[in-house]
Amino acid sequence: MAFSKDGAGNWTPATTTYALGEAFAAGVWNMGPGGGRFAPIMRPALSLEETLTKLKAAGCSHVEFHDTEAEPEDAIDIKKAVDNAGMKVAMCTANLFKRGPEFAIGNFGAPVAATRAEAIRRTKNYITTGIEVFQSEIYVYWNSSNGFGGPLMVNYADCYRQTAESLSEVVQWMLDTYGPERALPIAIEPKPNEPANWAVPADAGETLAIISMMPAHLQPFVGTNLEVCHSTMAGKRYAAELGLVAAAKKAFYVHLNSGSGLKFDEDLAFGDNDFGMAVETVYTMQEIGYSAVVGIDCQPLNTDTPEQQNASVARSVRNFNRALEICNTRINADELNALRAIGDRAGLSDLFARAVSGLA
């Protein structure tokens, strides 16, 4: 956690850096009994200690928390459990979607001022927990219900503007309270829909636009947390969105998983549905110099047994490392860049197919 000034005098995140494949994180919500509106409970619930043990066995060095799984009043004991498991807290986030019925209409951009104020209060409270107790590496704001559900349900301009203003209030408070040297990088996680029909911000571009609406002195402290499924749901190519935020120097964190298209947030294991996408993602992470913890956000399959509680997380880590091996051994950067330089799309397609298939 924290920021430091670069050679040009700009504040930049000064979090611990990792080589790709060295540090993975998953949320405690990424394992569990399953169930929902259309599915039965499939597995027994796990204690925090059991969850941490299984996450570590799956290949995670770090864990992620919502405040609904790690209440501030329990944070000291939870941090001890994390320490005892030999892990660290990568990410923390306040739950601004299930915490109360007021959040059904949004949070930072909600049309009701009291709802925005409550979202801001809860966010400040959990940033305090993240800095003072968890020593978290990043704070994530997921848009969740922020947005609208139908025609004229919000003033559209106000929704975007108030989201930026709410973020600005949080960041200014954090800087006033802790100073840049202890401030948590804040990463916005966009999603185009679910639970909101039209969520704000919906994608990488909207996220960067909202950051640009903040006062200039606050913008360095806010970046992005792009998720594969969310980009897929928006009809975007995940690696391209990563490139966009990296060009803006806002690639603070990632959430990797996979899905099958413009449907809903399937949260399949990274690489399960489209291994080629996984290879392209990992290669792009190399190209942009990504060096933070790699976050995994997937769910168990509905057929997973009690013994497979952590199978999707473990498979995500394995698929990442498989993709990384392909990038390091089967994709020649000089050949790739030479084909790019002459616009040889046929050659590029064949290079990629050879790399992913392992066949000449």
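Which helix does Thr281 lie in? Select Thr281 and you will land in helix α8, residues 275–288. Helices here are DSSP runs of H or I with at least four residues, strands are runs of E with at least two, and both are numbered from the N terminus.

Before we move on, a word about the model. It is predicted, so local features need pLDDT of at least 70 and side-chain atom pairs count only at pLDDT 80 or more, while totals for chains, interfaces and linings use all residues. Residues are numbered from 1 along each chain as its sequence is written, and side-chain values use heavy atoms, with hydrogens and water left out.

**Stop 1: around Thr281**

Thr281 has 0% relative accessibility, so it counts as buried. Buried means under 20% relative accessible area, exposed means over 50%, and partly exposed is in between (1.4 Å probe, protein chains only). Now show what it touches: leaving out residues up to four places away in sequence, Thr281 is in contact with Tyr238, Ala239, Leu242, Leu256 and Phe270. Contact means heavy atoms within 4.5 Å.

**Stop 2**

Next, select helix α2, residues 75–84. Which of its residues are buried? They are Ala75, Ile78, Lys79, Ala81 and Val82. These cover an arc of only 155 degrees around the axis, so they sit on the same side of α2; the arc is that of the directions from the helix axis to the C-beta atoms. Turn to the other side of α2 and you will find Ile76, Asp77 and Asn84 exposed. Among the elements covering the buried residues are α1 (48–57), β6 (62–66), β7 and α3.

Stay on α2 and show the side chains of Asp83 and Lys79. They form a salt bridge, with the closest N and O atoms 2.8 Å apart. A salt bridge is a side-chain nitrogen of Lys or Arg within 4 Å of a carboxyl oxygen of Asp or Glu. The two residues are four apart, about one turn of the helix. An α-helix has 3.6 residues a turn, so residues three or four places apart point the same way. Asp83 is partly exposed at 40% relative accessibility, whereas Lys79 is buried at 13%. Just after α2, click on Gly86, which takes a positive phi of about 75 degrees.

**Stop 3**

The whole structure holds 17 salt bridges. For another one, go to helix α4 (residues 156–178), where Arg161 and Asp158 are three residues apart. Their side chains meet at 2.7 Å, N to O. Then visit helix α11 (residues 345–357), which contains both Asp350 and Arg354. Their closest N and O atoms are 3.0 Å apart.

**Stop 4: aromatic rings**

How many aromatic pairs does a search of the whole structure find? It finds 11. Rings of Phe, Tyr and Trp (its six-membered ring) pair if their centres lie within 6.5 Å; planes under 30 degrees apart count as stacked, over 60 as edge-to-face and the rest as tilted. Select Phe97 and Trp142: their ring centres are 4.7 Å apart and their planes are at 75 degrees, so this pair is edge-to-face. Phe97 lies in the loop between β7 (88–93) and α3 (113–134) and Trp142 in strand β8 (residues 138–142), so the pair ties together parts 45 residues apart in sequence. To finish, select Phe3, Trp11 and Phe221, which ring pairs link into a cluster.
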